[in-house]
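Here are a few friendly notes to go with the structure. Have a look at it first, and then read the points alongside.

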Amino acid sequence: MASAFDINVIEEESVENLVYEGIEGGFQFRIRFTAYRGSHLSCIESFQLKLDGKEVDKAQIRFCLNGKEFLIDQLKDLYQEYWFIQDSAIIKVMSGEALRGTHQIDVRYSFRIPYTGYFGSYMVQEGIGSRSVTICA
Amino acid sequence: MIDLSVSLYSFSIKFFDRSYDLEQCVKKAHELGFKGVEIVAAQMIENYPNPTDEWCEWLKGILKKYDMQPLSYSAYIDMGQHTGRDLTEDEIIQCTLNDIIFAHRLGFPIVRTQHAISPAILEKMIPYAKKWGVWIGVELHAPHNCQVGVWKEYFNLFERVGSDYIGVVPDMGIFQEHPHKLFQTAALESGFTSSQVEGSIADFESGMGQAALVEKWSVKKRRQLDVIETMYETFHEAALEDFDIMIPHSRYIHGKFYYINEEEKDTCIPYEKIIKKIKELGFEGHIAAEYEGHFSDGTVDCVEQLGRYSRMMHRLIGE
């Protein structure tokens, strides 16, 4: 029995390949925000993604929300982009290769709670997701 | 006259897992016998912090459809929304003004805010509250009580300028006498044995400090340290006499609860004594049910809990 918000942040059956007119761009999946209320994207302090245990270069990751796409390094400035608690963010991995067969995806991000603690020190929580996916080519 | 309302925050689990949308929360609030609603803006408002005109009209229609009074627009001071710095005074004023305007547009007479607004900025908000016809209530939440420094400043302010436009929203969690059942279950889940849970609660209640307790029970695991920290942060029992200070400046109370048992009793927060006390003091206004068991146990049915709370409170208020 744990907090209601302590979920696997990677949504089930959300992994899809990104193939544009026959050319492989990479793959994408959906994640949730693990809190009772939404947050400004600037509150995300770190974001790490592993594919089959190997860290994905953050320059290949696009964090997509509110109809826009951002690089991980851009998140810290996005105080005007709000992640509504019922919405999923799409994580696009522009690795140039679609996924085939079975793969392990692991996500871990941290975020500060903007109304806890003041004068530069805030409570930081984590969202963690882990899924094994099988994609039939 | 004491009315019983509900904070839609109580449905957090169902809103988060998408089994309820906002309309279903309002509908259920009506079915459970509550009069009005609080909305936590940062949780349930689409396009927060700037909902569209269409959305505002839609919400007003939903509240009318289920005959629910708009009561409190629950706002935040998101001090840490910018990376590397806190909000400036201008930003706090403008985001609170934004909340005031949306509360007005949606018909909510109360804006609940957080103590981080500071007494000085709250005083500057009075002309805005007057103009837009809202009352700004600062939530007094655990681990605070009326003796905490910043609250002494707030009550000095209310004494000086009155509480027609600003005041306090007492959260009943401050009167919690004993860590609740769901907290104890979470403590067991973190790896404590039941005798360790009982022993550490007894030590905590006898006044042992956090560091001494951690050492005595050799708490080392991160999850267990978190449990101990939560106990110290959450379960500070304020004296019922604090109501003597709060009630003259309050028109809205947060009816926090974590678990109501099958006999429809709260064994942690002394609601019988609370209702008796606020009646004696002549409190007039709404108490909004605020279920918060979801942080300890996501499997408990919040609707069942709200039903038990509603029946318990209607009984106590009617007595």
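1. A term to begin with: two residues are in contact if their C-beta atoms, placed from the backbone, lie within 7 Å. In chain A, among contacts between residues at least 6 apart in sequence, 69% join residues at least 24 apart.

2. On conventions, this is a predicted model, in which local features need pLDDT of at least 70 and side-chain atom pairs count only at pLDDT 80 or more, while totals for chains, interfaces and linings use all residues. Residues are numbered from 1 along each chain as its sequence is written, and chains are lettered from A and ligands numbered from 1 in the order in which they are written.

3. Chain A holds eleven strands and zero helices (DSSP runs numbered from the N terminus: E, at least two residues, for strands; H or I, at least four, for helices). Its C-alpha trace spans about 50 × 35 × 25 Å along the principal axes. The radius of gyration, taken over C-alpha atoms, is set against a globule rule of 2.2 Å times the number of residues to the power 0.38. For 137 residues a compact globule would come near 14 Å, and the 15 Å of chain A agrees with that.

4. How much of chain A is buried? The share is 30% of the 137 residues, where buried asks for 20 or more other C-beta atoms within 10 Å of the residue's own, the C-beta atoms being placed from the backbone.

5. Over in chain B, helix H2 (residues 22-31) has Leu22(B), Cys25(B), Val26(B), Lys28(B) and Ala29(B) buried. Seen down the axis of H2(B), these fall within an arc of 165 degrees, so they line one face of the helix; the arc is that of the directions from the helix axis to the C-beta atoms. Their packing partners in chain B include strand E1 (2-7), helix H4 (53-65) and helix H15 (302-318). Just after H2(B), Gly33(B) has a positive phi of about 95 degrees.

6. Helix H14 (residues 271-280) of chain B buries Tyr271(B), Ile274(B), Ile275(B) and Ile278(B). Seen down the axis of H14(B), they lie within an arc of 95 degrees, so they line one face. Helix H13 (242-246) and H15 of chain B are among what covers them. Gly282(B), which follows H14(B), also has a positive phi, near 75 degrees.

7. Finally, which residues bring H14(B) and H15(B) together? Tyr271(B), Glu272(B) and Ile275(B) in H14(B) meet Met312(B), Met313(B), Leu316(B) and Ile317(B) in H15(B).

Key
Buried ≥ 20, exposed ≤ 12 C-beta atoms within 10 Å, placed from the backbone.
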